[in-house]
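Dear colleague,

Please find below the structure that I am handing over to you, together with its sequence.

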Amino acid sequence: MTLPTADTIVTYPAGDLTSTGTVLHTEALDAGRRVVVLDVSACHPVDSAWPDQPADRAVLTVNGVDLDVLDCVVGATDGDALYLGGDVPVRKGTEGWAFVTAHIVDDALAAEAGLVEGPEASITVDADYRHALSVGHTACHLASLALNAELAGSWSKDASLDALEHPNFDALAIETSRIHERGSVDAYRVGKSLRKKGFAPARLADDLGEVERGVDARLSAWVASGAAAAIHRDGDRLTDRRFWTTTLDGHPVSIPCGGTHVASLAELSDPQVTLHAQQGDAALELRMTTRA
């Protein structure tokens, strides 16, 4: 059994929907599944460390046979074993480890296709689903920046700033973020620690509708600008740093991001958020649902 010694070359940051690579490793899993690792892949994998964007839907073709990719996850190997998803025991970039795109297929169908290590295999990604997730991810970033701007006056102390130099409520309060087709759901927690940092939650408790309208107004203006957007990357390997970039209100914006995005804000349509706040036992819980 051979295992990769270098991170997968990933082409989805450039918007690629197809790729061809060599089968570096394959092994049987439980429940009749098989993992396939290629040296190059256009398939975006879900990352268990921050599983905001789901995996692409895709087909892996080997020896002329099409195999549905049942799941695609970030895996890692130290040369002795391959770990998948939440079982990866180290952080990305750990020395001596290779981080890979792991495609999960049906084991019986893979056997029928004669899937072994060595031959070439191609990946074809569902373009419509990729685009819908990319719209959702771009909308998620815009909504977080708009929320930060709307809540900028709620801080009484200096806080870390976002790409538009507003206090970064999103980064400081975020609990979970999930990208969906043409939208997202972000959950925030406003507890004692955030209050100690200077955030006053009065507007979230008393003026939520006004906050919502303010966020929507900013989203509409940004989308109407039709600004170009892109992914800038330090390299083509899975763990190389990547940044989502655009221009908002005349200011360049750059946000670290490993997901996929649209090429223009004009690809979003009628963006809107719905905010819901609920006071829990120890914290105010805020949920932002974004649709675009």
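I begin with a contact at the surface. Arg 241 and Asp 234 form a salt bridge in which the closest N and O atoms are 2.9 Å apart. Arg 241 has a relative accessibility of 55%, and it therefore counts as exposed. Please keep in mind that this is a predicted model, so that every value in this message is computed from predicted coordinates.

**Salt bridges**

Nine salt bridges were found when the whole structure was searched. As a general point, side chains of opposite charge can pair when their charged atoms come close.

Asp 56 and Arg 130 form one of these bridges, with 2.8 Å between the closest N and O atoms. Asp 56 sits in the loop between strand 4 (40–41) and strand 5 (58–62), whereas Arg 130 belongs to helix 2; the two are 74 residues apart, and the pair links distant parts of the chain. Both partners are buried.

Glu 150 and Arg 203 are joined by another salt bridge, at 3.1 Å from N to O. Because Glu 150 lies in helix 2 and Arg 203 in helix 5 (residues 202–206), this pair ties together parts that are 53 residues apart in sequence. Glu 150 and Arg 203 are both buried. They also belong to a network of salt bridges that links Glu 150, Arg 203, Glu 210 and Arg 218.

Strand 14 (residues 242–248) pairs with strand 15 in the antiparallel sense over six bridges. Within strand 15, Val 253 stands opposite Thr 246.

Strand 3 (residues 33–38) pairs with strand 9 (residues 98–106) in the antiparallel sense over five bridges, and Arg 34 has Val 105 in strand 9 as its bridge partner.

Thr 77 may be of interest to you here. This residue is placed in strand 7 (residues 71–77), and it counts as buried because its relative accessibility is 1%. The side chain of Thr 77 reaches the backbone nitrogen of Gly 79 at 2.9 Å, and a polar atom of that side chain lies 2.9 Å from the backbone oxygen of Ala 81. Leaving aside neighbours within four places in sequence, Thr 77 has contacts that include Leu 3, Pro 4 and Trp 97.

In soluble globular proteins, nonpolar side chains tend to be buried together. Here, the largest nonpolar core has 40 residues, and among those with the most contacts inside it are Leu 142, Phe 169, Trp 222 and Trp 244. Several elements each supply at least two residues of this core, including helix 2, helix 6 (208–225), strand 12 (183–190) and strand 17 (284–291). Helix 2 provides the largest share, namely seven residues. A second, separate core has 28 residues, including Val 46, Ala 58, Leu 60 and Val 69.

**Strand 17 and its partners**

Strand 17 has a covered face made of Leu 284, Leu 286, Met 288 and Thr 290, while Glu 285, Arg 287, Thr 289 and Arg 291 make up its uncovered face. Strand 12 runs antiparallel to strand 17 and is joined to it by eight bridges; among the pairs, Val 185 has Thr 289 as its bridge partner. Strand 16 is likewise joined to strand 17 by eight bridges in an antiparallel arrangement, with Met 288 as the bridge partner of Leu 275. Strand 16 and strand 17 form a hairpin, with four residues between them.

With kind regards

Terms used: Residues numbered from 1 in each chain as written. Predicted model: local features only at pLDDT ≥ 70, side-chain atom pairs only at ≥ 80, totals over all residues. Heavy atoms only, no water. Pairing = 2+ DSSP bridges. Buried < 20%, exposed > 50% of the residue type's maximum accessible area, 1.4 Å probe, protein only. Polar contact = N/O pair within 3.5 Å; in protein donor to acceptor, adjacent residues only side chain to side chain. Contact = heavy atoms within 4.5 Å. Core = buried A, V, L, I, M, F, W, Y, C linked by side-chain atoms within 4.5 Å. Salt bridge = Lys/Arg side-chain N within 4 Å of Asp/Glu carboxyl O.
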